[in-house]
Amino acid sequence: MMMWSLQNLLFTLSVALSHVTSAAALIRVSGYEGREAKVSCPYGVGYESYEKYLCRNDCSDVLIMTTIRKKTRYSISDDKNIRVLTVTISNLSSTDAGKYWCGVTRNFKDIYIEVKLDIRPDRCCDHFTKVRGYEYGSVSISCPYQSQDRNNLKYICSGIQPSTCLQQAVVSSDSKQNGRFSFNNDQTSSNFTVTITSLTQKDSGMYLCGIHRNTSLDDISGVELEVKEWCCVKSHNVSGIVGLSVTMECPYPPQHRTSVKFLCKGDHRYNCTHMVTSQSSSEQTDHRFTLRDDAASSSFLVNITELKANDAGTYWCGSDPEWSVGNYTKIQLSVVFPQQTSKLNPTSTVEDVGSQATETSGKLVVFIVPAVLLILTFVLVVVCKYKCYKVQGSNVNRSTKTSEAEVRRKDDVYGNQDMIGSSKQGTSKQQSTCHHGDEDVGEDQQDSVYQNFTITDDIYHNQFHTIG
């Protein structure tokens, strides 16, 4: 009896030790939400034909067994050649994270291997390194990695889903060239670089740098690429007249003083014809274009003589053969005929017309006011003269009638003289009245009086002739 109890105790202890040893070999598995995870558990020789299964937590719930190949989100396979049990869990969620057990069914005590499943969101990343490029140019994306990953597969993909990044990689350390994408690995600095050429705005977006790991999820870092429109950092409009000359100024950075300067013509800078360069070239056919470099002002001037109508268009000038942004200038040249020169600056013309109208209004005010005052003064003088003339005419008529009456009555000369004197005194009074208004009226009045004296002399003469 005691012998049996001792044997039973030794068997139980051996089973327990076997379980503990197996459980110590922890298997870590990771997966992304919405994707799948594969749990691979090795087993020993002699258990190829044994039933195997996957359970969770305390194994009260068996998820799937080799006797049932598929069950809901779980599927199982047993590779007896390499003695590895593989369980695939699909459509992962955060609730799937936790502890699992791979088990081998035995008569007395099952063999277990502990599995820990880690679930991560299928998106990246909390932080993105920002990189900027420009249309038609190139850009390099730098991806650092740890020294222990020196020999691991490296790749880059477009998007933010780590779960599919490796399958959708645009370039990797295994395929270092793919169209506009090229791969370069610098193990000394633990950094790999992906260069993209002939950039377009469609290249803008999120990119993921990936380091493949065999036992865990790949190491992923995020890069945000912004491709900006290449045109136009600096742009100028220049106007010229047919037959004359025009000068275009092209600034450049100080570090390009020794670079070759150029001017080309075309709607797009990447497809334009060189018109002139700072170095003599046999390719230049139009010698109306001359280039003069002014290093002191970090700019060069291009002069075009004897302008033609077909010289109008888009010009590009720069000092960097790689067409780096900021090292060029876009110039829009318009050419008009001489009679159209007034149209070169319609804004200035409108402003000039407005200023001329303002000046004209001011001049009109200056001239109209004195003219009105002058007219009013002239009207007053005319009215005053008219009144004085009316008074004068009345006195002359009265004198004439008196003289005729005296001739008919043949009064004595002295009587006439008295009347003439009386008339003279009356006329003088009226003359004095008008004299204050106008000097000329007074002189006319005196002439009338002298005429009366002439009439009196005739009367004397007639009287003397009759007496004789």
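**Figure 1. Surface and overall make-up of the predicted model.** The protein exposes about 28900 Å², and carbon and sulfur atoms supply 54% of that area. The structure is a predicted model. Of the 468 residues of the protein, 33% count as buried. Four helices and 26 strands are found in the protein. Among contacts with a separation of 6 or more, 63% are between residues 24 or more positions apart.

**Figure 2. Confidence along the chain.** The mean pLDDT of the protein is 77. A pLDDT of 70 or more is reached by 69% of the residues. Over residues 1–24 the pLDDT stays under 50. For residues 1–24, the model has 11 contacts beyond four places in sequence. Residues 346–358 also have a pLDDT that stays under 50. For residues 346–358, the model has one contact beyond four places in sequence.

**Figure 3. The disulfide between Cys-143 and Cys-209.** Seven disulfides are found when the whole structure is searched. One of them joins Cys-143 to Cys-209, with an S to S distance of 1.9 Å.

Figure 4. Five strands form an open sheet in the order E10-E18-E17-E12-E13, and the pairing is mixed. Strand E10 (128–134) and strand E13 (171–172) are the edge strands, and each pairs on one side only. E17 runs antiparallel to strand E12 (residues 154–158), and five bridges join the two. Within this pair, Ile-156 has Cys-209 of E17 as its bridge partner. E17 is also joined to strand E18 (residues 219–228), by seven bridges, and these two strands run antiparallel. Here Leu-208 stands opposite Gly-222 in E18. Five of the seven residues of E17 are buried, and the strand is mostly covered. In a regular strand, side chains alternate between the two faces of the sheet.

**Figure 5. The four-stranded sheet that contains E11.** This open sheet has the strand order E11-E16-E15-E14, with antiparallel pairing. Its edge strands are E11 and strand E14 (177–178), each of which pairs on one side only. Strand E15 (residues 181–186) and strand E16 (residues 191–196) are antiparallel and pair over six bridges. In one of these bridges, Asp-186 has Asn-191 of E16 as its partner.

**Figure 6. The disulfide between Cys-264 and Cys-272.** The sulfur atoms of Cys-264 and Cys-272 are 2.0 Å apart and form a disulfide. The torsion about the S-S bond is about -65 degrees, so the disulfide is left-handed. Are the two cysteines buried or exposed? Cys-264 counts as buried, at 0% relative accessibility. Cys-272 is buried too, with a relative accessible area of 18%, a value that falls under the 20% cut-off.

**Figure 7. The disulfide between Cys-55 and Cys-59.** A disulfide joins Cys-55 to Cys-59, with an S to S distance of 1.5 Å. Both Cys-55 and Cys-59 are buried.

**Figure 8. The surroundings of Ser-299.** Ser-299 belongs to strand E24 (residues 299–304). At 3% relative accessibility, Ser-299 counts as buried. Which residues is Ser-299 in contact with, leaving aside its neighbours within four places in sequence? They are Glu-249, Cys-250, Pro-251, Tyr-252, Asp-293 and Asp-294. Tyr-252 is 47 residues from Ser-299 along the chain, yet the C-alpha atoms of the two are separated by 5.5 Å. The side chain of Ser-299 is also joined to the side chain of Ser-297 by a polar contact of 2.9 Å.

Methods:
Residues are numbered from 1 along each chain as its sequence is written. This is a predicted model: local features need pLDDT of at least 70, side-chain atom pairs count only at pLDDT 80 or more; totals for chains, interfaces and linings use all residues. Side-chain values use heavy atoms; hydrogens and water are left out. A disulfide is a pair of cysteine sulfur atoms within 2.5 Å. Buried means under 20% relative accessible area, exposed over 50%, partly exposed in between (1.4 Å probe, protein chains only). pLDDT is the predictor's confidence in each residue, from 0 to 100. Contact means heavy atoms within 4.5 Å. Two strands pair if DSSP finds at least two bridges between them. Accessible areas come from the Shrake-Rupley method with a 1.4 Å probe; for residues, only the protein chains shown count as cover. A polar contact is a pair of N or O atoms within 3.5 Å; within protein, one must be able to donate a hydrogen and the other to accept it, and residues adjacent in sequence count only if both atoms are side-chain atoms.
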